[in-house]
Amino acid sequence: MALAVAATTSVFTRSSTALTPNHVHLRFFVPCRCRLLGRFRFLPTRALSATGGFSDHVEVCVKESVTVPGKLGDCPFSQRVLLTLEEKHLPYDIKLANLVNKPEWFLKISPEGKVPVAKLDDKWIADSDIITQLIEEKYPEPSLATPLEKSSVGSKIFSSFIAFLKCKDPNDGTEQALLSELTAINDYLKENGPFVNGEKISAIDLSLGPKLYHLEIVLDYYKNWSVPESLIYIKNYMKSVFSRESFVRTQALREDVIAGWRPKIEA
C-alpha cells in the first residue's frame, strides 16, 4: 500500500521519526494549484498506535535544505523544537519552507518569514523558546524541564561564536571570549555533568546542542579552528549529544550548515 501511494506523489517526506516501533506516521506532499497553501497541499495524516487508536500530532514548519531539496535545513532553533518532540516521543509533521523564495502558504502562517513555527491547539506559534515551553506544558512526560538556576548555562556561547566567526582581526579578543565561554561550560560539566542537569538530558541540552553542532562545523570550515582537546568535558558532552538518535534524525547536513553561514562571513 505504501508503495502504491508513494508512486503517485512527486515529493515524499517521512515526518515523525519520534514514534515508537508500534507507530506508523508518514506525511505525503502532492502537487496542487491550491491558492491557499501555494505549491503543495498536505494529505491528512494520523499516528496509528498499536491499540488501534490515533494520537494527536504537532505540525512544525522549518527551513528546507538549500543543497538537497526535501531535506531539513540548517536552522539550530528549528532543530531544538524537533529534538523536543523526539525526546518526548511525540508524533509530528514537518512542513519544509524555502526561505530563499518564501511561498505564500508559509507567509500566511509566519508573516515575518521566520522559522520555526509550530501548530499547537490549532494555532501557529513562533519562537523556539515559546514553542518548547508550550510543548513541555502540554506534554509534561517525560519531563525535559531544566531547573531555573541551570537555565543560563551556555547562554552566551552562540553570540560568542558568531562574533569570532565574523571577526577580521585575530587580536580583537573574540577568540578569547569564545574560549572563556567554552571553558566555563567545560568546568560546569566537570562538576555537574554529563548533561547540564546531571544524568538526564533536559531542555537546555536541546537548545545548546544544535548551537555547538553549528559551531563545530562552521569554525572548522571557515577558521580551521576547533574546540581545544584540553576541554575534555565539553568535548565528551558534544559527542554524547550529537550521537543521540534524536539528534542524528534532526540534524542538518554539513553542507547546509556551511552554506547557511556563508552570508555572515561575506558580510
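Lys88 counts as buried in this predicted model, with a relative accessibility of 3%, where buried denotes under 20% relative accessible area, exposed over 50% and partly exposed the range in between (1.4 Å probe, protein chains only). Lys88 is placed in the loop that joins helix 2 (76-87) to strand 7 (92-97), helices (H or I, at least four residues) and strands (E, at least two) being DSSP runs numbered from the N terminus. Beyond residues up to four places away in sequence, Lys88 touches Ile135, Glu136, Tyr139, Pro140, Glu141, Pro142, Ser143 and Leu144, a contact being heavy atoms within 4.5 Å. Residues are numbered from 1 along each chain as its sequence is written, and side-chain values use heavy atoms, with hydrogens and water left out. As the model is predicted, local features need pLDDT of at least 70 and side-chain atom pairs count only at pLDDT 80 or more, whereas totals for chains, interfaces and linings use all residues.

Helix 5 (residues 157-166) is mostly covered, with seven of its 10 residues buried, including Phe158, Phe161 and Leu165; its buried residues pack against helix 2, helix 6 (174-192), helix 7 (203-223) and helix 10 (254-266).
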